Amino acid sequence: MAYDASTLPDVSGLTVGIIGGTGDQGRGLAYRFARAGQSVLIGSRTAERAVRSAEEIAALPGVPAGAPVSGGGNEEVARRSDVVIIAVPWDGHAATVAALAEPLAGRIVVDCVNPLGFDKQGPYALTVAEGSAVQQAAALLPDSRVCAAFNHVSAPLLADPEIERIDLDVLICTEDRELVGVVAALAARIPGMRGIYAGRLRNAHQIEAFTANLIAINKRYKAHAGIRVTDL
């Protein structure tokens, strides 16, 4: 079955919360969704920092005047959002997710965290007891609908206001097939992006780990490489 964006659900009315929205990845995703007119909530451990970040994003080029972008503490954002993206550093992943288990109950949770280590030889994948970051999230959030996506999106590309299109595919891993359409539709709000189903949660570890390869590619070729799946 070929990829067909016309079959994707309408997600324009959903509120997207980003836990870790003041970091590079979270802020970049927030900017792109805000440019598309999506309602966006920036989450941070410090509400004041999240509010400042939201104000800065709302003022960036390409964001419509009066765009619904606001900030708050992580728990508030989790409660007010329809879809919550986890974009925190790996070393704080488990504690942050566990603390939000109750407000995230019933929510769609998209984990884009990559468990990586760094040494003199560069980045490398870390071993995760649960198998992957998203499997850890799923174990900590038994009442949420969890998937992995947006792992390979370049933060500098997301943040660059002069870039109109980001031509790459977002690989989606989940046990819940209905989520594939919702997350793919959110990805499609960013011009050039497609959301592609890439298997169950047990297949997410190699997607997260592949980020180390992309970092090496980017360093070698001074690029912002992504992934595009052919023949779809």
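How many aromatic pairs does a search of the whole structure find? I found 1 aromatic pair. Rings of Phe, Tyr and Trp (its six-membered ring) pair if their centres lie within 6.5 Å; planes under 30 degrees apart are stacked, over 60 edge-to-face, the rest tilted. Phenylalanine 33 and phenylalanine 150 have ring centres 6.1 Å apart and planes at 90°, so I logged the pair as edge-to-face. Phenylalanine 33 sits in helix 1 (residues 24-35), while phenylalanine 150 is in the loop between strand 8 and helix 6 (155-159), 117 residues apart. Helices (H or I, at least four residues) and strands (E, at least two) are DSSP runs, numbered from the N terminus.

Model notes. This is a predicted model: local features need pLDDT of at least 70, side-chain atom pairs count only at pLDDT 80 or more, and totals for chains, interfaces and linings use all residues. Residues are numbered from 1 along each chain as its sequence is written, and side-chain values use heavy atoms, with hydrogens and water left out.

Burial next. Buried means under 20% relative accessible area, exposed over 50%, partly exposed in between (1.4 Å probe, protein chains only). Phenylalanine 33 is buried at 0%. Phenylalanine 150 is buried at 1%.

Then I looked up aspartate 169. Aspartate 169 lies in strand 9 (residues 168-174) and is buried, at 2% relative accessible area. Its side chain makes a polar contact with the side chain of arginine 194 (2.8 Å). A polar contact is a pair of N or O atoms within 3.5 Å; within protein, one must be able to donate a hydrogen and the other to accept it, and residues adjacent in sequence count only if both atoms are side-chain atoms.
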